[in-house]
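Please keep the viewer open as you read.

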Amino acid sequence: MDKLKKFWIFLTIFVVIDICLTTLLPVKFLVNFVFDDSCFYIKTAYNFSSGLGSTFDGINITNGYQPLWFMILAGVFSICLRFADSCSPQFLLRITIFIHFLLFYLTFYFTYKSFKLLFHTYAVKINLLLCTSLCITPIFIRNVGMEMPLTTLLFAIYLWIKSREIILNEDNHIFKIVLLILISLARIDFFFSFVPILILYE
């Protein structure tokens, strides 16, 4: 079977499972895995998409968030508002959790592609161990709905591009520059920590 077909088949299966979990599980159960800052993201992004600006309470302006994750949530909520005059907090929470686990699947995919190039036989075992820990950790530390899965995905894509450079001798400088910009937007503090290290490594 074509590799791209496999990707879309597994993605479809995962999306169906993701939809079932985020729609069927009661909200009282889902909020157990959400931190206060996740609710701040959801409410502020919803207000922004509703035309109220970057505000949590509708009065005071705020910029206390990581911009890329905020923009993604605001964009998704804007699409939702095209089909409804308003969205309930419960619906917004379910959408956010859905996005969170979709990002996890994509992280799993790109890390698998990277490890398959770098480690061959042990790719599946290493990837399962790594990605299972990445999925379970935010659940136990109540970090669902935060920017961590997005940041992790961007690093996974960077690793995939770098592994293709090492093994296949590809030139992907433009993609890496774009990814470093996105990583900086996903976590502003990484602009002063991880990003300079990656640049020096290059």
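## Helix packing and aromatic pairs

Helix 4, helix 5, helix 8 and helix 9 are among what covers the buried residues of helix 7. Contact here means heavy atoms within 4.5 Å, and buried means under 20% relative accessible area, exposed over 50%, and partly exposed in between, with a 1.4 Å probe and protein chains only. Helices are DSSP runs (H or I, at least four residues) numbered from the N terminus.

The model is predicted: local features need pLDDT of at least 70, side-chain atom pairs count only at pLDDT 80 or more, and totals for chains, interfaces and linings use all residues. Residues are numbered from 1 along each chain as its sequence is written, and side-chain values use heavy atoms, leaving out hydrogens and water.

The buried residues of helix 7 include Pro149, Leu150, Tyr158 and Glu165. The end C-alpha atoms of this helix are 30 Å apart, which agrees with the 30 Å that its 21 residues should span at 1.5 Å a residue; the expected span is 1.5 Å times one less than the number of residues. After helix 7 comes asparagine 169, with a positive phi near 60°.

Helix 8 (residues 173–186) has 14 residues and reaches 20 Å from first to last C-alpha, close to the 20 Å expected. Lys176, Leu179, Leu180, Ile183, Ser184 and Ala186 are buried in helix 8. They cover an arc of only 160° around the axis, so they sit on the same side of helix 8; the arc is that of the directions from the helix axis to the C-beta atoms. These buried residues pack against helix 4 (67–81), helix 7 (148–168) and helix 9 (194–201).

Now to the rings. The structure holds nine aromatic pairs. Rings of Phe, Tyr and Trp (its six-membered ring) pair if their centres lie within 6.5 Å; planes under 30 degrees apart count as stacked, over 60 as edge-to-face and the rest as tilted. Two of the pairs are set out here:

| Pair | Type | Centre to centre | Between planes |
|---|---|---|---|
| Tyrosine 65 and phenylalanine 70 | stacked | 3.9 Å | 10° |
| Phenylalanine 191 and phenylalanine 192 | edge-to-face | 5.1 Å | 90° |

Phenylalanine 191, at 47% relative accessibility, counts as partly exposed, while phenylalanine 192, at 65%, counts as exposed.

Technical notes:
Helix = DSSP H or I, 4+ residues; strand = E, 2+ residues; numbered from the N terminus.
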